[in-house]
Amino acid sequence: MLSAVVQELTADLHRVLVISIAAGVTIQAIMSHAPAARRVIRAMPNMPALVKEGMTALAWSGTLSEDDQHMGHAVFEAV
């Protein structure tokens, strides 16, 4: 499914921050399917996040700026 989604978004991936919650899909897999994606965050929320009692682990590609890292944190702090 990742390939199909990436194909639709390829034209825009070079300029956006990509945040993925796709289970079992690594940052390297995302970047290999979408060479234009250089700013990638992989998030792994757990089920209690549905009731705002959980936590989310974040990992990011080495090309993220400090602002991108803050954006990733801000998105998931809301959960």
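Visitor: Which element gives the most to the lining of the largest pocket?
Guide: A lining can be read by the elements that supply its residues. In this predicted model, helix α1 gives the most to the lining of the largest pocket, with 4 residues. Both α1 and β1 (18–20) supply at least two residues each.

Visitor: How many residues line the largest pocket, and which lie nearest its centre?
Guide: The lining has 13 residues, and those nearest the centre are L2, V5, V6, L9 and V18. The volume of the largest pocket is about 200 Å³.

Visitor: How do the residues of that lining divide into nonpolar, polar and charged?
Guide: The lining of the largest pocket holds 12 nonpolar residues and 1 polar residue, with no charged ones.

Visitor: Why does L9 count as partly exposed?
Guide: The class follows from relative accessibility: partly exposed lies between the buried limit of 20% and the exposed limit of 50%. L9 counts as partly exposed because its relative accessibility is 41%.

Visitor: Is I30 buried or exposed?
Guide: The cut-off for buried is under 20% relative accessible area. I30 has a relative accessible area of 4%, so I30 is buried. I30 belongs to helix α2, residues 27–33.

Terms used
Residues are numbered from 1 along each chain as its sequence is written. This is a predicted model: local features need pLDDT of at least 70, side-chain atom pairs count only at pLDDT 80 or more; totals for chains, interfaces and linings use all residues. Side-chain values use heavy atoms; hydrogens and water are left out. Buried means under 20% relative accessible area, exposed over 50%, partly exposed in between (1.4 Å probe, protein chains only). On a 1 Å grid over the protein atoms alone, a cavity is a set of points where a 1.4 Å probe fits but cannot get out, and a pocket is an open set with protein on both sides within 12 Å along at least five of seven lines; lining residues have an atom within 4 Å of a point. Grid points are joined across faces, edges and corners, and a volume is the space filled by probe spheres set on the points. Ala, Val, Leu, Ile, Met, Phe, Trp, Tyr, Cys and Pro count as nonpolar, Asp, Glu, Lys and Arg as charged, and the others, Gly among them, as polar.
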